[in-house]
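Student: I am new to this structure and would like to know what the terms used for it rest on. Please show it first.

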Amino acid sequence: MSGREFALAAVILAGSALAQTSKYTPPRTPDGQPDLQGVWTNITITPLERPANLAGKEFFTAAEARQYEKDTVERNNADRRDGGAQADLSRAYNDAWYDRGTRVVETLRTSLIIDPPDGHIPRRGDQPAGPPPGLGRPPEGPEDRALTERCILWPTAGPPMMPSFYNNNYQIVQGPGYVTILVEMIHDARVIPLDGPRDVRPHIDANVRQWMGDPRGHWEGNTLVVETTNFNDKTRFQRAGPNMRLVERFTRTAPDTIMYEFTVTDPSAFTKHWTGQIPMKRTEGPIIEYACNEGNYAMEGMLAGARADEKKAAGK
Amino acid sequence: MRKSLTLFSTAAAAVVCISLTLTPGKAQAPAAPAKAVAKAVAKGPRMPDGRPNLNGVWEYIGTANWDIQDHSPAPGPMWQLGAIGAIPAGQGVVEGNEIPYKPAALEKKKQNKASAPAEDPEAKCYMPGIPRATYMPFPFQIIQSNKDILMAYEYASANRLINMGKPIEAGSDTWMGTSNGHWEGDTLVVDVTGLNGLAWFDRAGNWASDKVHVVERYKRRSNDVMDYEATIDDPSVFTRPWKISLPLYKRAEKNAQILEFKCVEFAEELLYGKYKKQPTK
């Protein structure tokens with residue numbers, strides 16, 4: 001057993017058993033893979049971490065879930081006009097754009113994190129939880145804005161693939177020896193080579209670093225297991241470092257559901273590994289091209305605005 | 001009109017394009033071999049359903065991304081790069097070497113070229129469009145399923161899904177267009193509409209408008225080589241349809257894979273440099 005396989009096995013043993021006990025037998029592709037193909041969405045309003053007022057409560061009752069949904073949808077409503085001029089301005093990006101969803105996950109969990117059981121990321125005490133330095137000040141250059149606003153990487157692509165505030169859409173296409181995930185935001189294609197019993201493809205060299213890492217997949221029964229390493233030092237998922245090891249598990253548990261689980265390991269940022277779970281539900285296609293950089297007029301506007309403010313402040 | 005093409009009219013248009021391209025003068029010679037090629041059985045691996053298996057990492061070798069037409073070597077746009085940035089000579093990939101521009105369209109091509117490289121969408125890390133994505137100096141991977149086909153290009157993380165089911169209409173214009181594919185014998189034929197006309201064909205500023213209709217043909221010649229053709233029809237820019245043809249080579253490294261080239265980072269100075277805070281003098 002190689003080091004990579006050993007680490008993988010350790011994470012898998014620690015993972016959730018829910019997906020592994022699924023009774024559903026998915027159809028197969030012609031080359032014998034469980035068939036995950038189709039268009040899927042991970043849209044949900046369930047937060048990654050458990051809200052403070054739900055501490056100790058792992059699951060909603062059905063009635064509590066409906067109330068939480070009602071409250072959240074009302075709070076997220078960007079079409080409201082009850083907050084004065086400044087609030088109106090910040091809601092100019094209104095619900096014509098947003099598509100955050102209106103429902104919690106069907107498991108009725110109160111957080112996407114299922115391990116640790118408290119629903120919180122086990123951050124090391126010496127790691128700050130806030131945004132990276134530079135973010136928040138008037139931007140001196142594009143580097144002072146988030147990766148999303150720079151059209152470099154969205155949480156929807158990750159990996160791990162997290163729901164965001166719109167276009168949470170994916171299409172899975174399986175060819176012989178590959179599973180590929182087309183991610184609508186922002187036109188990313190995750191090409192995952194599959195290891196066979198006698199055909200294990202090592203990761204690319206540690207000197208090659210990628211925003212989305214370097215994935216390798218294999219099947220364990222009906223579960224696709226994808227292990228990703230080789231992240232660069234700028235992806236920083238939840239402040240993880242470039243040595244983050246990610247293991248994702250995709251299990252089709254029903255015709256219209258893929259249970260997606262991910263386990264993050266990085267001793268430089270977390271005291272232990274942690275796991276999230278998001279059901280992906282079948283939805284309608286097609287996936288539409290999201291040309292982010294090609295239409296990023298906002299970046300020009302934000303930078304030009306910051307320069308205009310400086311000029312004004314200098315009294316020129 | 002362009003967006004409401006049915007499969008029938010699309011296929012008919014493709015046939016018309018090809019016959020138009022092959023009929024006049026110089027282009028007449030390939031007509032007979034082309035017919036023979038259409039009948040020939042493709043070499044290389046097969047899918048479980050018997051279709052040619054196009055899976056793999058592919059790349060064009062040549063200088064078409066500099067200029068799809070025949071061209072001599074020339075100094076590059078950045079003298080600071082010396083010979084590194086110079087333009088290599090190239091034998092074009094346009095059949096007959098002539099792009100039949102209407103006069104005003106040729107003027108725009110010249111303007112494009114004069115504005116390069118700053119205004120070349122490639123420099124801005126914009127998606128390359130079709131057919132340029134195919135002959136960029138980057139590999140791309142074909143993932144062929146029993147249903148649809150995904151083409152994932154290394155450059156700019158561009159990609160496109162080729163719908164192999166019931167043809168869909170282009171919902172709105174996009175950089176990579178809307179692709180409907182079908183098989184004609186052993187040839188994968190992809191009908192591309194809904195292109196936004198903002199991508200260029202090369203660094204020399206060759207272009208088409210948002211009225212362009214591209215029909216591509218992929219046919220595996222052997223284990224290692226695939227023939228690629230693209231017929232380009234845009235009556236608002238060209239006097240007749242014209243055709244690109246080139247070979248794609250299979251990347252034969254055991255560990256061949258497309259890597260990341262998320263180039264936005266590398267284009268930010270070009271795109272936004274003038275809006276950045278300047279150091280105090």
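**Strands, barrel and contacts**

Tutor: Strand 1 (residues 56-59) of chain B and strand 9 of chain B pair in the antiparallel sense, over two bridges. This is a predicted model, in which local features need pLDDT of at least 70 and side-chain atom pairs count only at pLDDT 80 or more, while totals for chains, interfaces and linings use all residues. Residues are numbered from 1 along each chain as its sequence is written, and chains are lettered from A and ligands numbered from 1 in the order in which they are written.

Student: Why are strand 1 and strand 9 of chain B said to pair?

Tutor: Two strands pair if DSSP finds at least two bridges between them. Strand 1 and strand 9 of chain B have two bridges, so they pair. W58(B) stands opposite K250(B) in strand 9 of chain B.

Student: What makes strand 8 and strand 9 of chain B a pair?

Tutor: Strand 8 (residues 225-233) and strand 9 (residues 242-250) of chain B are joined by eight bridges in the antiparallel sense. In strand 9, K243(B) is the bridge partner of T231(B), and L246(B) is the bridge partner of Y228(B).

Student: What do the strands of chain B form?

Tutor: A closed barrel of nine strands runs 1-2-3-4-5-6-7-8-9 in chain B, with mixed pairing. The twist averages 30° from one strand to the next, with axes being lines fitted to C-alpha atoms (for helices over the stretch in contact) and angles running from 0 to 180 degrees between N-to-C directions.

Student: How many helices and strands does chain B have, and what counts as one?

Tutor: Chain B has four helices and nine strands. Helices (H or I, at least four residues) and strands (E, at least two) are DSSP runs, numbered from the N terminus.

Student: Which residues of chain B does L182(A) contact?

Tutor: Leaving aside neighbours within four places in sequence, the contacts of L182(A) include L150(B), N159(B) and L161(B). Two residues are in contact if their C-beta atoms, placed from the backbone, lie within 7 Å.

Student: How many residues of chain B are in contact with chain A?

Tutor: 37 residues of chain B are in contact with 40 residues of chain A. Helix 4 of chain B supplies the largest share of the side of chain B that touches chain A, four residues.
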